[in-house]
Amino acid sequence: MQVPLIRLQCGVNSYEWGKKGSESAAARFAAATPSDNLSIQADKPYAELWMGTHPSNPSKDLTTGRTLLDLCAENQLLLSESVASKYGAKLPFLFKVLSINKALSIQAHPNKKLAEQLHARDSKNYPDDNHKPEMAIAITPFEGLCGFRPLGEIAHFLETVKPLRTLVGENEASQFIQAAKQEGGDEAAKKKALQTAFGGLMSSSPEDIDRETANLVALAKSEGADFAAGGVSSTKGAVLAELVTRLNGQFGSDIGIFVLFFLNFVTLQPGEALFLVADDIHAYVSGDIVECMAASDNVVRAGLTPKFKDVSTLVDMLTYNYAPIDEQKMTPTEYPYATLNREAYSSGSSVMLYDPPIEEFSVVRSLLRGEGAKATFDPLEGPSIVICTGGKGTIAVGPTKQEIKEGYVFFVGSTAELVLESAVGQDEEFTTFKAFCEI
Ligand SMILES: NNC(=O)[C@@H](O)[C@H](O)[C@H](O)COP(=O)(O)O
Ligand SMILES: [Zn+2]
């Protein structure tokens, strides 16, 4: 049976935070594939390229115009028996490119049980009954807020940033500081103190938020590097001052600006990654990323957004885990199921695996450097989606070979032996990301 290699036409969402026009990688990548309903407008934001079978923006077979969802429903072998029997006749993951001009919402994604409840209660705002653990891999330098800071850092900010302490509340702040400074101590009590302090912040009135935002921005502008008493080792005062003024410029007076002091500020260089389990609080701030997640579009938001906010649900659902920045990052490993040819080895090409601790997806990034560098992938018992984010080459499955360039997206059916070959110059790179599920 001929295993299919299907060129996909993928949709792009224009959320307000997306980069504008052709500055957006999501727009450029979408425009690389012929489409009768996409013409990039210079002043329009293009936030997310969606690759997959999610019904909100299903990818289509470029040749026939049929959705990948329909093709998988018709022939579950495209997914493999094991994947289709566990996840149904659709991809278990949703694969995206995000191009971020201004901060995404302060958000978390509900776990499976909560997703079912929210979907049953409010399917308009919660379109799926599925969890949404997600992984982000930087294509360009990326900034994000991910997970609660170590408690000592939050205590430092409550002691040194008066507008923050005012919004949290004097009692909640001092109880938190006391709990945070206890050596050892009861972990559950510390998380409870964190939830009380964070809940105090998030229940601030609009008048208080307006007043204290003005005070916070004035301090950030006047104190600069001395802001927040110089900050903490992971986020210096000058960085915080710049972030406060930047977010204020993007959103005006907003409780999300104060959440900065509770969450780790993470920067990723291209190829670095982070993984967020369900119920982990985060807000991406800038950069272009590849993102992969379980098949769901459930977002619980609480700030930095014009969209529907559900603050009480967010405060109640969070794990209140806290950890240093490095524990938020993922370390890729060499992918053992790809064979590089001599050109690829000698040019320093790489095939790296990003493998989060969940079943629905993993991602492989291939960097093939110079003409003729080639990677041959062992067949997978499951579906894959491949996107080229830089350079050009060919993609082949058995006797079927096609050209692939920046922005091209392909679906690769189960049990395919996939071959990627570079067609770039000596010192250039042919970069692809492949999301897949194999159980
Ligand atoms: N962390 N990234 C994600 O979860 C993306 O997949 C979501 O689609 C975005 O968060 C959506 O952000 P807004 O709701 O527009 O603020
Ligand atoms: Zn998210």
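Predicted model: local features only at pLDDT ≥ 70, side-chain atom pairs only at ≥ 80, totals over all residues.
The lining of the second largest pocket is made up of 7 nonpolar, 9 polar and 2 charged residues.

**Exercise 1.** State how much space lies in the second largest pocket, and name the lining residues closest to its centre.

Solution. 
- Step 1: the space in this pocket comes to about 310 Å³.
- Step 2: 18 residues line the second largest pocket, and C10, G11, V12, S35 and N37 are the closest to its centre.

**Exercise 2.** Describe the largest pocket by volume, lining and residue class.

Solution. 
- Step 1: the volume of the largest pocket is about 400 Å³.
- Step 2: its lining consists of 28 residues; nearest the centre are Y15, W17, V299, R301 and K307.
- Step 3: sorted by class, the lining holds 12 nonpolar, 5 polar and 11 charged residues.
- Step 4: at least two lining residues come from strand 7 (93–100), and at least two from strand 13.

**Exercise 3.** Locate ligand 1 and describe the shell of residues around it.

Solution. 
- Step 1: the ligand is found in the largest pocket.
- Step 2: there are 17 residues around ligand 1, and those that come nearest are E48, K132, E134, R301 and K307.
- Step 3: this shell contains 6 nonpolar, 4 polar and 7 charged residues.
- Step 4: the element that gives the most to the shell is strand 13 (residues 282–294), with 4 residues.

**Exercise 4.** For K96, H282 and E291, give the distance from a polar side-chain atom to ligand 1, then state how much of the ligand the protein covers.

Solution. A polar contact here requires a pair of N or O atoms within 3.5 Å.
- Step 1: K96 places a polar side-chain atom 2.8 Å from an oxygen atom of ligand 1.
- Step 2: for E291, a side-chain N or O atom is 2.7 Å from an oxygen atom of the ligand.
- Step 3: H282 has a polar side-chain atom 3.2 Å from a nitrogen atom of ligand 1.
- Step 4: on its own, ligand 1 has 400 Å² of accessible area, and the protein covers 99% of it.

**Exercise 5.** How many cavities of 30 Å³ or more does the structure hold, and which residues line the largest cavity?

Solution. 
- Step 1: there are 3 such cavities.
- Step 2: the largest cavity contains about 40 Å³ of space.
- Step 3: its lining is formed by F377, D378, L380, S384, V412, G413, A416, L418 and K434.
- Step 4: by class, these are 5 nonpolar, 2 polar and 2 charged residues.

Methods: Residues numbered from 1 in each chain as written. Chains lettered and ligands numbered in written order. Heavy atoms only, no water. Near = heavy atom within 4 Å. Polar contact = N/O pair within 3.5 Å; in protein donor to acceptor, adjacent residues only side chain to side chain. Areas by Shrake-Rupley, 256 points an atom, 1.4 Å probe, with all protein chains shown as cover. 1 Å grid on protein atoms, 1.4 Å probe; cavity = no way out; pocket = protein on both sides within 12 Å on 5 of 7 lines; lining within 4 Å. Sits in = over half its atoms within 2 Å of the grid points. Nonpolar A, V, L, I, M, F, W, Y, C, P; charged D, E, K, R; others polar. Points joined across faces, edges and corners; volume = space filled by probe spheres on them.
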